[in-house]
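Q: I'd like to learn how to read a fold from its coordinates. Could we go through one together?

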Amino acid sequence: MTKEPSLTVFDGHDSIGGTKLLFEQGEVRLLLDFGTNYQRMGQFYEEYLQPRPSRGLVDYIATGMLPRIRGAYRQDLFPDYDYPKTDEEWPGARPTAVLLTHGHLDHCGGIAFLDPSIPIVSTPMTLALLRSWQETGKSDVSSEITYYGPKAPVESTGRDRGSLPGRLLGADKEAARASRPFSLLGELPSGLGEALKQSPFGAKTKFEPIAPVRARPDFDGVRYRFHGVDHSVYGAAGYLIEADGGTVAYTGDIRFHGERGRDTEGFLSLLEKKSPEVLVVEGTRLLASDQETPPALTSEADVEQNCLRDVLAYEGRLVIADFGPRNVERLKTFERIAHASGRQLVLTPKDAYLLHLLHTVDPSIPDDISPGGMRVLEEPSVGSERAWLRRVQSSDESAFLNPVDVAKSKSRYILCFSFFDCNDLVDLRHTGATEGGLWLYSSSEAHGEEQEFDFVRLQNWIRWAGMHQVGFRYVPDERGGRRLTFDHPEDLGHHASGHATQSELLEFVYRARPKIVVPVHTVQPARRYQELLRSRGSPATVVAPVQGQPIRW
Ligand SMILES: [Zn+2]
Ligand SMILES: [Zn+2]
């Protein structure tokens, strides 16, 4: 085995997200992110056609959603019979660890399938975010990022009974569910440690918590560093690996215009000192051509000003703010807007739990569920065994509201919702809470990053509920149809992107002075990046990644 370092891009080089990189040097193999590629997923699957949980890895490998890397995956997800029975023929060897940049699924979704003996290196904030996402979401194999339940062959009860044994996988009834080992970049906050020890399941299910450890500073002598960066989730980091013959750096997703813009500056200062040999850099907002006008830069402060203006204009009526609740920076913005407009935020129980966990890592994150703090919209549940819901329900009872309460004082609240909470509109409309109110869309336009949904459906819900909308709209297109747009003058300024603009990215690369640039998280071709860097005066060579082929330098 050669000691020479290399970098392989397995995914995410021609899409927004799905990033899967592998750094190798000698026996050390570090995965840099291991995300779900929603663009590729959309080529095969949709709402009612999903990979089959009972077939483990089969559907994901067959459709190319997961790359073939020997030793990378959970052995319990290979069915005994049929394709792919084992990974023996695949290239590569077991990854040493995953260096995870942040808690968006386009960077970490694939971790659910990785062998649980591979440690995940992340910030405590990212772990808290992912644990709350997993606990409050659907429970199947594709969500098993922070804990997992081993699978075992189950017998088919269909007509093929016995003829192809070992084809189907189900829960291994003998085995306990267990935490995945996380290695943290920083101390484990005691509150988070306590929360992680709690079983997400009912008393009847065996659960073995594994406490996260402090990440070691090197893997077999290969040292690495991380630095916090600004992005639309807290806890995001970029990495530098001290490889033989120079530094390899990876940005993850970055921006400069958010609350933690200075962190990105700090990461850049580190790069300036090192002048990396290789810089893997995101390119989400690169424009296809020089003719395209760059969108106006909206800062979080602009969002606050514009949304407050709208909320004040809807005095006496209900406001629903639609943003990704994991964007806690935005939640804090809406908390200030609520305060300035004499309203209170109303959360879903899931978001209340999310804030509870994140607060254990950063006490400045609001988690006050009380009559004078944030309120929670009651969710009817029948004999729920779910630990996270019990935790939320143990908050001050008088902080909870039902749809009748909301209707009675609709001018007092801002509901924090997203498309996936639209079922609650049925009851809210029934009580008269929504009539004449405002749906304020304050979220991402780049939907490659998270599960895609249909804005037509969202608009149908809003209209059906008797509400007005701002932040997106449909306008007539040239062919007599209609086109989704976020750029109408009335909609602009309600969302600040999670990503740096084209000119910021070019400035970033120029100042970091890398020899080689490997573009990821972009739909623009490498030659476009090269052209743009040349015009900015950067001498870096842009290498177009070829899936699965090692880049050497
Ligand atoms: Zn991303
Ligand atoms: Zn992201």
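Q: Is Glu 27 buried, exposed or partly exposed?

A: Happy to start there, with the reminder that this is a predicted model. The general idea is to count neighbours: a residue is buried if 20 or more other C-beta atoms lie within 10 Å of its own, and exposed if 12 or fewer. Glu 27 has 14 other C-beta atoms within 10 Å, so Glu 27 is partly exposed. Glu 27 is found in the loop between β2 (20-25) and β3 (28-34).

Q: How far apart are Glu 27 and Arg 94 in sequence, and how far in space?

A: Here we set two kinds of distance side by side. Along the sequence, Glu 27 and Arg 94 are 67 residues apart, while their C-alpha atoms are 9.5 Å apart.

Q: What is the strand order in the open sheet of 7 strands?

A: The order is β13-β14-β15-β16-β17-β27-β28, with mixed pairing. At the edges are β13 (218-219) and β28 (541-542), each of which pairs on one side only. Inside the list, β14 (residues 222-228) and β15 (residues 237-243) run antiparallel and are joined by 5 bridges. Gly 228 stands opposite Ala 237 in β15.

Q: Which strands does α6 lie across?

A: Look for a helix in contact with strands, then take an angle between axes. α6 lies across β14, β15 and β16 (246-250), and runs at about 145 degrees to β14. α6 (residues 261-274) also meets α14 (residues 502-512): their axes come within 8 Å and cross at roughly 35 degrees. The contact involves Leu 268, Leu 271 and Glu 272 of α6, with Phe 508, Arg 511 and Ala 512 of α14. By class, that is 4 nonpolar, no polar and 2 charged residues.

Q: Why are α7 and α8 called oblique to each other?

A: The crossing angle decides. The axes of α7 (residues 300-313) and α8 (residues 328-340) come within 10 Å and cross at roughly 40 degrees. Angles under 35 degrees would count as roughly parallel, so α7 and α8 are oblique. Their crossing is right-handed, and by class the contact has 6 nonpolar, 1 polar and 4 charged residues.

Technical notes
Residues numbered from 1 in each chain as written. Chains lettered and ligands numbered in written order. Predicted model: local features only at pLDDT ≥ 70, side-chain atom pairs only at ≥ 80, totals over all residues. Axes fitted to C-alpha atoms, helices over the stretch in contact; angles between N-to-C directions. Helix = DSSP H or I, 4+ residues; strand = E, 2+ residues; numbered from the N terminus. Contact = placed C-beta atoms within 7 Å. Nonpolar A, V, L, I, M, F, W, Y, C, P; charged D, E, K, R; others polar. Parallel < 35°, antiparallel > 145°, perpendicular 65-115°, else oblique. Left-handed = near helix turned anticlockwise from the far one by under 90°. Pairing = 2+ DSSP bridges.
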